[in-house]
Amino acid sequence: MSLILHQNIPVSMNFRWPNYLCAKSTCPVTFSYTNEQTKNSKRRRIGLQKSGQTQLAGNEKIQPKTKLEALETVIAKLELTVKNGTDIYDPQIFASLLETCFQLQAIDHGIRVHHLIPEKLLRKNVGISSKLIRLYACSGQTQKAHQLFDKMPKRNASAFPWNSIISGYAEKGMFEDALAMYFQMVEGGVEPDCYTFPRALKACGGVGLIHVGEEVHRHVIRSGFGSNGFILNALVDMYSKCGDIVKARKLFDQIGTKDLVSWNSMLIGYMRHELITKALNLFRLMIRDGTEPDSVSISVLLAARLPFSIGKQIHGWVLRRGANQELSIVNSLVDFYADQQKLKQVRWLFEHMHERDVISWNSVISAHSKHPEALLYFEELVKSGDLPDSVTFVSLLSMCAHLGKLEDAERLFRIMKERYDISPRMEHYGCMVNLYGRLGFIDKAFDFVMKRMESEAGPTVWGALLYACYRHGNVKIGEVAAQHLFELEPDNEHNFELLMKIYKNAGLIEDVKRIKIMMVERGLDTSIPYKSR
């Protein structure tokens, strides 16, 4: 159809709002046109009217198959509209699109919508600015979110934009920034709501500062949210992370209707403090209360150093509930049996999994990190089409170091970088140095540290080299490794003791005495007698 302009200029446009954005199956969008040429502007403007003047209804026969495809269709047509010289000044369009992008986590589409919004509209519309901030913040683009926040008009009108920026920082682990925004919000006179406090409390738990958490807790009570279950869950988590598990339990007991999050928060708190008996008692109470444990509940328990008999009971409960094919639970069971050195059960569970992810492969490979079967599982992983990650190669290289598989280790280290584009971490370097050291290739290990590492060696690498020097009696390189460790770990007595053993085995008694004096001077071992030279 044609859009008839105020000057009777026909503009052909086909546009239909996707069904999922509308209450009805057909939702034509209505536009009005304002000619801006009299204002020395060559662009046209269209805006959505409350009562339609002209409908831009599409005659598309092919309907989008998914919500994302529908979103793509709408944005593409709007981009074409703007490209053809027509600016869109209707906030309802952008608000709806940004909300949809957020719900679908379609961040790239949201950025495209941002580029379509006229700067003038963005500056004056609080709702659109708030939704944009939330979109960028939830995707981890906190710097961009903060830039929009700083330009936002009337940002103190509601807690929404503040909540978005606080959440963005907290989710990214930037807890100090999240708390700084929270207290700036409070000082600015913006009233926190039930969505503000859980985000702020998450940040408090992240920094581990209980006095800050207590201050936020006082704000919760003053704001009248002291009985809010959502916020009480966050308080339980915060106090357990900050070290006050007793306070966490008191708050847990105050929750009137406990949901799964409540139970899991307390369960995780007990496990964080290694209170396994209390965690198991809570788990039993949870079941008696009628709350069905989920994969988080089971995984938290199985991740602990449970006695074998308790783990088997939990496995039995999983089987009785028919949850034995839930991926995260099976992965946790594989890890549990691997910790118990029950490789037969590990293999059986792995072979009977209906689906696998990289965690599944890592679990079974890690379970065989002292066995050559790890390489066979890696070959299966490659054939399956799944991609290994850095954890996969730590287990594989550890196995190679343990079994002395030099060629396999060098091949794996190479393909990790070249085929899978995984940058080596300190653990990978440590495994390679450990391997060279075990085989007696001390010079090669030292050369690897000095020439092949892409970052400065840490305690893991220098420690592996020092131990290799001790095993093979290399005084010269052992001294170099020890000197680096003395700087990196000045309070680690083990490094001094290893160097003394190297000197002692080489018959360098005066050097042994020198290291003893150094230890005493550093306050590491005042019980060691020594004589001044």
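## A serine inside a helix

The side chain of Ser265 stretches to the backbone oxygen of Val261, 2.8 Å away. That makes a polar contact (a pair of N or O atoms within 3.5 Å; within protein, one must be able to donate a hydrogen and the other to accept it, and residues adjacent in sequence count only if both atoms are side-chain atoms). This is a predicted model, where local features need pLDDT of at least 70 and side-chain atom pairs count only at pLDDT 80 or more, while totals for chains, interfaces and linings use all residues. Residues are numbered from 1 along each chain as its sequence is written, and side-chain values use heavy atoms, with hydrogens and water left out.

Ser265 sits in helix H13 (residues 260-272). Helices (H or I, at least four residues) and strands (E, at least two) are DSSP runs, numbered from the N terminus. Ser265 counts as buried because its relative accessibility is 10%; buried means under 20% relative accessible area, exposed over 50%, and partly exposed in between (1.4 Å probe, protein chains only). Setting aside neighbours within four places in sequence, Ser265 is in contact with Asn233 and Val236, where contact means heavy atoms within 4.5 Å.

## An enclosed helix

Now for helix H19 (residues 358-367): seven of its ten residues are buried, so the rest of the structure largely encloses it. The buried ones are Ser360, Trp361, Asn362, Ser363, Val364, Ile365 and Ala367. Their cover includes helix H17 (327-339), helix H18 (343-351), helix H20 (373-384) and helix H21 (390-403).

At the start of H19, Asp357 gets a side-chain oxygen to within 3.1 Å of the backbone nitrogen of Ile359.

## The nonpolar core

The largest nonpolar core has 153 residues, and Ile117, Leu301, Phe378, Phe393 and Leu412 touch the most other members. Such a core is a set of buried Ala, Val, Leu, Ile, Met, Phe, Trp, Tyr and Cys residues joined through side-chain atoms within 4.5 Å.

What does Ile117 contact, leaving aside its neighbours within four places in sequence? Its partners are Phe94, Leu98, Leu122, Ile128 and Leu132.

## The whole chain

Stepping back, the protein chain holds 28 helices and six strands. It has 533 residues, of which 46% count as buried. Take the contacts between residues at least 6 apart in sequence: 59% of them join residues at least 24 apart.
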